[in-house]
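Dear colleague,

I am passing a structure on to you, and it is shown just below. After it I have set out what was found, so that you can follow each point with the structure in view.

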Amino acid sequence: MQNRNNNTIYQNGGTSSFSPSNGINNNSNPLSRSLTDEEFDRYSRQMIVPGMGKEGQLRLLTSRVLIIGAGGLGCPAAQYIAGAGIGTIGIVDGDVVEPSNLHRQVGHATSRIGTPKVTSLITHLSALNPLPTYIPHPCHITPDNAADLIAPYDLVLDCTDNPATRYLISDVCVLLRKPLVSAASVQKSGQLVVLNCPATPQGEGLPEGGKYNAAPCYRCCFKQPPPAAAALSCGEAGIMGPVVGLMGVAQAGEAVKILASGLHAIPSSDGATGQEEPGRERNLRQPTLLIYSYDLDAAVGPYAFRALKMAGRKKSCFACGEGSRARLTLGGIKKGEPDYVQFCSAPTARVTLPVEERITAAAYHEARERGEIAEHVLIDTREREHFSFGSIDGAVNVPFGKLLMAAAVASREGASGNGNGNGFVEKILPEEVRGKMVDGGEDLPIYVVCRRGLDSQEAVEKLRGLGMDNGGRRKILDIMGGMKAWKEEVDPSFPFI
Amino acid sequence: MTSKTPKGHFNVLYFASAGSFTAKQMEAMPAPLPLKKLFGTLEAHYEGITENVLEHSLVTINLTYVEMPSGEDDDDQDIIIQEGDEVAIIPPVSSG
């Protein structure tokens with residue numbers, strides 16, 4: 001990729017002022033080449049920034065960056081990576097563009113709905129800057145292909161959307177010694193951290209006497225994945241465009257900084273120590289985790305951004321700590337060891353109810369239609385925003401989180417078995433529903449529905465645990481499969497989100 | 001910038017799913033408190049928070065990462081959360 005587009009070399013009056021000035025005098029050094037006039041024009045505004053210069057630009061032009069994920073993070077990141085003139089840009093994504101992507105995935109377009117995201121984004125980037133070499137990888141990253149995808153690049157941007165992939169990418173970056181710029185975002189939160197930079201060999205540079213000697217990997221920061229149920233996806237939890245966009249742009253900023261200053265290069269002497277400026281090196285060994293909290297209810301406040309000082313490489317880290325070479329290898333990953341999906345899905349604390357405590361959406365609907373279910377209480381545990389788009393007639397909204405909290409409080413105060421769960425009912429149900437549950441309505445059946453049928457089962461168990469089944473006199477039932485099943489089995493026009 | 005705290009207390013900030021679980025962004029708790037008692041104290045207020053949030057979160061005091069005492073790393077220290085400190089509970093965010 002070196003010396004591309006140099007058929008019209010701008011000789012700058014034939015002087016040697018374009019040669020590197022950092023003391024590395026090597027004729028085969030890519031940094032010794034000249035800039036084309038096109039490059040000169042295009043990149044002049046960033047080259048004149050102090051600290052960047054021609055040398056920084058040449059480093060960018062000879063760098064190779066892999067962007068994994070062409071979504072809410074990958075699109076804004078790629079725009080600035082391409083704009084800055086990174087020489088080779090690889091993009092990995094196996095999905096196609098969908099309408100629900102477009103509010104945040106600014107590298108796609110309405111006219112490209114249904115086309116592969118990788119092609120769509122490269123179309124956009126090529127229009128922005130035709131000079132870089134774009135390499136499409138229209139596939140998902142997997143344990144089988146991860147090392148082959150990552151190996152040819154200098155630096156990786158993790159713009160993916162699930163925990164299993166994040167651990168996989170981090171592990172392979174440790175093994176291949178690639179710096180990793182990791183960002184993530186969901187709902188109203190964003191996180192950004194530079195990992196594995198400088199990329200010290202696996203198992204080396206362990207902390208001594210409370211002092212960190214190497215940069216952390218993703219596992220050093222987050223040893224355990226969140227429970228599968230708590231790992232929200234943008235599809236389920238929602239995402240604000242500017243939040244994820246900001247994190248993607250910041251990711252590009254960190255990548256450009258690392259590449260322009262040459263911090264991604266593995267020192268030939270190995271060990272990755274003693275070569276960088278002392279201050280800079282120390283900072284990277286304990287990188288900053290940037291947190292962005294976007295509060296929809298408040299004006300821009302002092303707590304929107306936080307920069308947290310992280311730890312360095314940990315002795316106990318599975319991937320890069322003591323003894324890690326014996327348990328994590330490229331060959332092992334390819335053969336399915338460790339099992340990333342298993343690691344990120346277990347243990348699940350989800351409740352599965354016996355069949356007699358459940359009813360299908362279709363059966364519930366039919367029983368209602370036939371009048372077999374007369375007075376009853378229907379609790380919908382989806383988030384308020386989901387509920388606001390539509391619900392079953394007569395449903396009351398008690399978001400799952402609120403229900404769990406109220407149940408925990410009621411259970412601490414001691415269940416009284418009086419059918420209202422010791423104040424639980426008063427805390428969470430609106431007055432008109434509570435009114436139905438007294439004066440003869442003490443045993444009114446309760447049905448619980450959620451989005452996809454998991455939370456509702458746990459809710460049923462909580463209500464029962466609080467004694468709300470009145471020793472079995474009151475039926476408490478889960479509507480199987482949630483509102484998703486309701487749409488599929490009962491009402492195809494239901495606006496399921 | 002750190003948060004203001006009432007006298008004799010430290011502040012806990014709940015990020016991402018920690019905020020969803022507690023339905024709070026921040027609250028004050030009595031100081032001092034040994035770091036190793038932090039999770040137990042939070043569990044007493046929010047049943048289930050250890051398993052659902054804390055075990056996979058990272059914890060900072062005054063914007064600096066602290067290792068939760070586990071016995072795994074040699075350099076575990078008896079850190080005490082002091083009056084006026086700002087503790088943050090930061091679960092990983094995975095989506096994008």
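**A covered strand and its neighbours**

In this predicted model, strand β5 of chain A, residues 180–186, is mostly covered, with 7 of its 7 residues buried. Side chains in a regular strand alternate between the two faces of the sheet. In β5(A), L180(A), S182(A), A184(A) and V186(A) point one way, whereas V181(A), A183(A) and S185(A) point the other way, and all of them are buried.

Which strands pair with β5(A), and in which direction do they run? Strand β4 of chain A, residues 155–158, runs parallel to β5(A) and is joined to it by 3 bridges; here L157(A) has V181(A) as its bridge partner. Strand β6 of chain A, residues 189–195, runs antiparallel to β5(A), and 7 bridges join the two; S185(A) finds its bridge partner in G190(A).

**A helix with two sides**

Helix α1 of chain A covers residues 37–47, and its buried residues are E39(A), Y43(A) and M47(A). Seen down the axis of α1(A), these buried residues fall within an arc of 65 degrees, so they line one face of the helix. An α-helix has 3.6 residues a turn, so residues three or four places apart point the same way. The face of α1(A) that is turned away from the buried side carries D41(A), S44(A) and R45(A), which are exposed. Helix α2 of chain A, residues 53–61, is included in what covers the buried residues of α1(A).

**Where the chains meet**

The contact takes 47 residues from chain A and 30 residues from chain B. On the side of chain B that touches chain A, the elements giving two or more residues are α1 (16–22), α3 (49–52), β4 (58–61) and β5 (64–66) of chain B, and the largest share, 4 residues, comes from α1(B). The residues of that side of chain B divide into 13 nonpolar, 10 polar and 7 charged.

As to confidence, the predictor gives the complex an ipTM of 0.88 and a pTM of 0.78, while chain B averages a pLDDT of 87, with 89% of the residues scoring at least 70.

With best wishes

Methods:
Residues numbered from 1 in each chain as written. Chains lettered and ligands numbered in written order. Predicted model: local features only at pLDDT ≥ 70, side-chain atom pairs only at ≥ 80, totals over all residues. Buried ≥ 20, exposed ≤ 12 C-beta atoms within 10 Å, placed from the backbone. Arc of directions from axis to C-beta. Contact = placed C-beta atoms within 7 Å. Pairing = 2+ DSSP bridges. pLDDT = per-residue confidence, 0-100. Nonpolar A, V, L, I, M, F, W, Y, C, P; charged D, E, K, R; others polar.
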